[in-house]
Amino acid sequence: MTRVDNHVPKVLFVCLGNICRSPMAEGALREAAAAAGIELQVDSVGTAAYHIGENPDPRAIATARSHGVDISKALGRQLTEADFHDFTHILALDKANLAGIKARKPKHGTAKVDLLLDLVPGREGESVPDPYYGDEDGFEQCWQTISEAVEALIEKLGYHTA
């Protein structure tokens, strides 16, 4: 693996409550980076304060676990102003949260803010569907979509397989 520059990327995934999509994205990226020997920092947050201090939804935990990823110890937290300075990339899982993130971005915030699926050719402008009100199949579909985006993200960050 080679890296375009020497800076360690710091990636923050954002959904509404930080109990489904964003912790699954955090876990998927951690796992993919570890498997590829890539150094980066990853976290996840919500734009809303609904689930601060709570673990991910049991269905999200089960779905991630079925793919060999443990997200059970993640704790929900809310997006803060410091996040715009502490992370290099803030990635929204959907358009509504992207708008909320952009509205909160401080004038001197340095993080690059994007929609996650804008990284996937042919899926630009799409949101990762929120599986919360559905069944386990929705969580699996969510995982598959996130996994596709994580692979594109690794490429976008400048990591290439030799």
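Trainee: Which residue forms a salt bridge with Asp57?

Mentor: This is a predicted model. A salt bridge needs a Lys or Arg nitrogen within 4 Å of a carboxyl oxygen of Asp or Glu. Here the closest N and O atoms are 2.9 Å apart. The partner of Asp57 is Arg59.

Trainee: Are Asp57 and Arg59 buried or exposed?

Mentor: Buried means under 20% relative accessible area, exposed over 50%. Asp57 and Arg59 are both buried.

Trainee: How many residues apart in sequence are the parts that Asp130 and Arg21 tie together?

Mentor: The two side chains meet in a salt bridge, 3.7 Å from N to O. Asp130 sits in the loop between β4 (112-115) and α5 (136-156), and Arg21 in helix α1 (residues 21-36), so the pair ties together parts whose separation in sequence is 109 residues.

Trainee: Which residues are linked in a network of salt bridges with Arg21?

Mentor: Asp130 meets Arg21 in a salt bridge. The network also takes in another Asp. The residues linked with Arg21 are Asp130 and Asp94.

Trainee: What separates Glu26 and Arg30 along helix α1?

Mentor: Their side chains meet in a salt bridge, 2.7 Å from N to O. Glu26 is buried at 9%, while Arg30 is partly exposed at 42%. They are four residues apart in helix α1, so the separation is about one helical turn.

Trainee: How many salt bridges does the structure hold?

Mentor: Asp57 with Arg59 is one of them. Glu26 with Arg30 is another. The structure's total is nine.

Technical notes
Residues numbered from 1 in each chain as written. Predicted model: local features only at pLDDT ≥ 70, side-chain atom pairs only at ≥ 80, totals over all residues. Heavy atoms only, no water. Helix = DSSP H or I, 4+ residues; strand = E, 2+ residues; numbered from the N terminus. Buried < 20%, exposed > 50% of the residue type's maximum accessible area, 1.4 Å probe, protein only.
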